[in-house]
Amino acid sequence: MTTTTPTATAVLNPRVIALAHYAARAVLEKVLARHGVTFQQSVTLRLAAVAEGPVERDRIAGDVVGALKIDAAEAHSVVDELVSAGLLAPHESPHESPQVRITDAGRELFETTSAETAPVTARVYADIPAEDLAVAGRVLSLITERADAELAALAE
C-alpha cells in the first residue's frame with residue numbers, strides 16, 4: 001500500500017480529494033463493521049437521525065441518491081434493510097406519502113457510532129487552523145456543486 005505524506009505545498013486535485021475521502025471512510029467503515037452496519041446504511045440512518053421527525057420515504061431515498069450517487073432502487077433497498085433491522089420504522093400518515101422514522105435502536109446505534117468516531121475525527125482535524133478548514137469547506141463545496149452539475153449533464 002502506498003501512502004503519501006502531505007506537505008505545505010500540496011495542491012488540491014482529484015487524487016488528493018480521493019485519498020482524503022477514502023482514508024476517512026475507511027476509519028468510519030471500521031467502526032461501522034463492529035456494529036454490522038454498512039456505509040450506505042450509516043448515511044441513510046444519519047439522515048433519519050437528524051430529521052426532526054418522520055421523513056417521507058421517497059425524500060430520504062432521494063437524499064441518499066444525492067449524497068452517494070447511487071440509483072433510487074438501491075437507495076430504497078437500503079431503507080428496506082434498515083426497516084428490516086428495526087433501525088427505521090414505517091410511520092403512516094393518512095394525508096401524506098409513506099414515511100419512515102428512526103427507532104430507539106436506530107438512534108442508539110447512530111449515537112454510538114458517532115461517539116466512537118468523534119475522537120478519531122478530532123485527532124484528524126486537530127491543529128488545522130479554522131481559516132484553513134473554512135477555505136477547504138468552501139472549495140470542496142464548490143467542487144461538489146460543479147461535479148453534480150457535470151453528472152446531471154452526463155445523464156441527459
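This is a predicted model: local features need pLDDT of at least 70, side-chain atom pairs count only at pLDDT 80 or more; totals for chains, interfaces and linings use all residues.
Q: Which residues form a nonpolar patch on the surface?
A: Leu 12, Val 16, Val 135, Val 139, Leu 140 and Ile 143. Residues are numbered from 1 along each chain as its sequence is written, and side-chain values use heavy atoms, with hydrogens and water left out.

Q: Where does the largest share of the patch come from?
A: Helix α6, residues 130–155, with four residues. Helices are DSSP runs of H or I, at least four residues, numbered from the N terminus.

Q: How accessible is Val 135?
A: Val 135 is partly exposed, at 40% relative accessible area. Buried means under 20%, exposed over 50%, partly exposed in between (1.4 Å probe, protein chains only).

Q: And Leu 133, what does it touch?
A: Leu 133 touches Tyr 125 and Ile 128, not counting residues up to four places away in sequence. Contact means heavy atoms within 4.5 Å. Leu 133 also lies in helix α6.

Q: New topic. Is Gln 41 buried or exposed?
A: Gln 41 counts as buried because its relative accessibility is 12%. Gln 41 is in helix α2, residues 39–50.

Q: Which side chain makes a polar contact with Gln 41?
A: That of Glu 81, at 2.9 Å. A polar contact is a pair of N or O atoms within 3.5 Å; within protein, one must be able to donate a hydrogen and the other to accept it, and residues adjacent in sequence count only if both atoms are side-chain atoms.

Notes
Patches are made of residues with over 30% relative accessible area and no salt bridge: like charges are joined within 9 Å, nonpolar side chains (Val, Leu, Ile, Met, Phe, Trp, Tyr) within 5 Å. Accessible areas come from the Shrake-Rupley method with a 1.4 Å probe; for residues, only the protein chains shown count as cover. A salt bridge is a side-chain nitrogen of Lys or Arg within 4 Å of a carboxyl oxygen of Asp or Glu. Helices (H or I, at least four residues) and strands (E, at least two) are DSSP runs, numbered from the N terminus.
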